[in-house]
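Keep the structure in view as you read.

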Amino acid sequence: MTKTIYLDTSATTPLDKSVFNEMEPYFSEEYGNAGSMHNKGLIAAQALNRSRDRVSRILNCFPKEIIFTGSGTESINMALKGVAEKYKDKGKHIISTTIEHHAVLDTLDFLKEQGFEITLVEVEPNGIVDPNKIKEAIRKDTILVSVMYANNEIGTIQPIKEISKITEEKGILLHTDACQAGNSESLDVESLGVDLLSLNGSKIYGPKGIGCLYRKSSVSLSPLIHGGGQEFGLRSGTENIPAIVGFAKALEMSQKNKEDYTTRLSQLRDYLIEKLLEIPDSFLNGDKEKRVPNNVNITFLNAEGESILLMLTEEGICASTGSACTSKSLDPSHVILALGRPYEVAHGSMRFTLSKDTTKEDLEKVIALMPSIIKKLRGMSPVILSLNEVKNV
Amino acid sequence: MYDIESKQGGWFYSQTVKDHFFEPKNFVKTQEEAKEIAQASDGVGIEGSPACGDVMKMWIKVKDNKIADCKWQTFGCASAIAATSMFSVMVTESGGLLIDEALKIKPQNIVDRLDGLPARKFHCSVLADKAFREAVNDYYKKTNQFDKIDETKIKVVDKILNITDKDIEEAALHGVKTLDELQKRTKIGAQDKNCLPEAEELLRYYNEKHFSGK
């Protein structure tokens, strides 16, 4: 059996052992409902409060500004729909970007059906949004701007601080989807200047099925899930204590280690980029500098992503692709298309996202395999596009 | 339709698809080889578009009205490669099929021989029969057998996913009545919404053609 080399951490990360250890007592021993009056309930409530405190210290906010949810997607839904519902009398215009995750884009589509007007600002060819273009898109009836912190496909880091200066000045709320930013970027909401920020556990070596939404205390939200009134009445349902404990621990760990993580992984990332770009007719998608330290996204022309992916899988390497062939909707990556590149570029794009445990030896194996895979697929391809034909259309 | 997906609940290929993907039969290994084969072939056909993500090119050699050889190149996903490989095996096995027999092979026959394909892969990746028909027409043209050229033009409606009027007719015959059902079945318009009005019109036409007055 070949050793698995997991280079798909933007899909999900493994659960860190020390995170699991902190969670473990809350499954079968301390199983209480945080809403109960007895001892078991009290222990659960203490764990809940402690976790909320821990998260709030990292985000530099008040504990009551942290709402635990079931995922990053849920946090995003709560932020966008919650604001839209509460502020619709003020205005019905929302601004976002073309490279957001589907959790944002599809929620905005839903809001559009409800009568909201959505402007998606296009990003620059390097995959970064120009804050001035956000500014230009603002109207009198704009109530919310939502821009992701780090992109999940091409890893580009968006200028949230610059954008928050604009939204603050105009008195418009700003949400950021920070799901891919937790391992390397600062999550200090004060310094970022955001009103809402979404996170999830499964991208930061924490458990799946847990996320959180930071909501500035001055921001009103309407609840997404009604019921017993948990999470300040915004997210009813018995609190998932083991996951909440695990989320707090995972967030603490990833934020504590973010400098070391960045130093080590950005070196490995740049090494992988450099070596893979030695393959002819290949290029990097997304800015070379302003990208999270674990993201490599490269297009290999005239080779199709799903085929590359399966050949890597056969060798024990897990990666992902922007090719339409692997998506349920048969849509190629909207992010690669948003860079102004044609369909062909999305079909041949491969994403390798390094983990905190990735070694140089792991990458050497990828580097050794890729040229022969690409050569084989290009040899059998009737399509022979050149770089000039597709790069800047 | 035999749909692997619904049986296994995931994104899986059959062992036969994997075999033909990792060890394709009759494929052209390099661009140099492609040039040599082009020189020696009796007919060539190409189908698909790079934007769609699947393109097939096929060369045939004909002897005594039989397919003596069938070589191909494919740009595309595993199912596209496997489907073309399987088709090339089907037309050349046991001494080669007669041209007319080979032309009767339908996408469904290829999929059956592959032990199934995920439903959403069906339309965009099984193009081998269409590339082959072109290659045969090319052969007839080159050998001055103009009366044999099949001019039945198949109209491609969704140019990105390669969904044709024949696919829409087939859907209608399977009881598809609304555009919504058609989109669920074929993914038509998933990338190019502009083709939807024409698709809807064709669906109505085929439903009237086959079912009106019954």
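Start with two strands. In chain A, β3 (residues 93-97) and β5 (residues 142-146) run parallel and are joined by three bridges. Strands pair if DSSP finds at least two bridges between them. Strands (E, at least two residues) and helices (H or I, at least four) are DSSP runs, numbered from the N terminus. His93(A) stands opposite Thr142(A) in β5(A).

Now widen the view. Seven strands of chain A form an open sheet, in the order β2-β8-β7-β6-β5-β3-β4, with mixed pairing. β2 (66-69) and β4 (117-121) of chain A stand at the edges with a single partner strand each, so one side of each has no neighbour in the sheet.

Next, a helix. α3 (residues 39-59) of chain A packs on the sheet and touches β2, β7 (196-200) and β8 (211-215) of chain A. Contact means heavy atoms within 4.5 Å. The direction of α3(A) makes about 120° with that of β2(A). Axes are lines fitted to C-alpha atoms, for helices over the stretch in contact; angles run from 0 to 180 degrees between N-to-C directions.

Finally, look at two helices together. α10 (residues 258-276) and α14 (residues 360-379) of chain A pack at about 15°, with axes 10 Å apart. That makes α10(A) roughly parallel to α14(A), a label for angles under 35 degrees. Among the residues that meet are Leu268(A) in α10(A) and Met370(A) in α14(A).

Residues are numbered from 1 along each chain as written, and chains are lettered from A in the order written. In this predicted model, local features need pLDDT of at least 70, and side-chain values use heavy atoms, without hydrogens or water.

How values were computed: This is a predicted model: local features need pLDDT of at least 70, side-chain atom pairs count only at pLDDT 80 or more; totals for chains, interfaces and linings use all residues. Angles under 35 degrees count as roughly parallel, over 145 as roughly antiparallel, 65 to 115 as roughly perpendicular and the rest as oblique.
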